[in-house]
Amino acid sequence: MELAIILKIVICHWIGDGLLQTEKMATQKSKSYYWLTVHVGVYIIPFVVVFHSIMPWVILMAILHWIQDWKTSRINSHYIQVKDNRMFWSSIWTDQMIHYVILFVSITYFI
């Protein structure tokens, strides 16, 4: 895989899952399909801009991101509620690692 593609994926994910995610999205996506869907809709914007030539992959990434965040946001919320800071951050970083594995493995089937 080309370094340029890797960098584009990392930057798109950083923008979509970090910079563009509001506090409302982050805190409500575990409780509300609406906010989860809004988060994924905003998350996928950088991918649409950069990877518009492989829209089937972009759409697949939106679907897989929704499914993953549906589960992991609930796990993360649990750790916040029980005030287990160590497990919360372990869960956050595990979630990010899974996102990247999905992004990098899946794109190899589309390029």
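Student: What makes residues of helix 5 count as buried, and which are they?

Tutor: Buried means under 20% relative accessible area, exposed over 50%, and partly exposed in between, with a 1.4 Å probe and protein chains only. In helix 5 the buried residues are Trp57, Val58, Met61, Ala62, His65, Gln68, Asp69, Thr72, Ser73, Asn76, Ser77 and Tyr79. Helices are DSSP runs of H or I with at least four residues, strands are runs of E with at least two, and both are numbered from the N terminus. This is a predicted model, in which local features need pLDDT of at least 70 and side-chain atom pairs count only at pLDDT 80 or more, while totals for chains, interfaces and linings use all residues. Residues are numbered from 1 along each chain as its sequence is written, and side-chain values use heavy atoms, without hydrogens and water.

Student: What do the buried residues of helix 5 pack against?

Tutor: They pack against helix 1, helix 3, helix 4 and helix 6, where contact means heavy atoms within 4.5 Å.

Student: Where is the kink in helix 5 centred?

Tutor: The kink is centred on Asp69 and comes to about 25°. The bend at a residue is the angle between axes fitted to the seven residues ending there and the seven starting there.

Student: Why is Trp89 called partly exposed?

Tutor: Trp89 belongs to helix 6. Its relative accessibility is 43%, so Trp89 counts as partly exposed. From Trp89 to Tyr79 the C-alpha distance is 8.9 Å, at ten residues apart in sequence.

Student: Which residues of helix 6 are buried, and what covers them?

Tutor: Phe88, Ser91, Asp95, Gln96, His99, Leu103, Ser106 and Ile107 are buried. Their cover includes helix 1 (3–19), helix 3 (33–43), helix 4 (45–50) and helix 5 (55–81).

Student: How is the lining of the largest pocket divided by class?

Tutor: It has seven nonpolar, eleven polar and five charged residues. Ala, Val, Leu, Ile, Met, Phe, Trp, Tyr, Cys and Pro count as nonpolar, Asp, Glu, Lys and Arg as charged, and the others, Gly among them, as polar.

Student: Which element gives the largest share of that lining?

Tutor: Helix 5 does, with seven residues.
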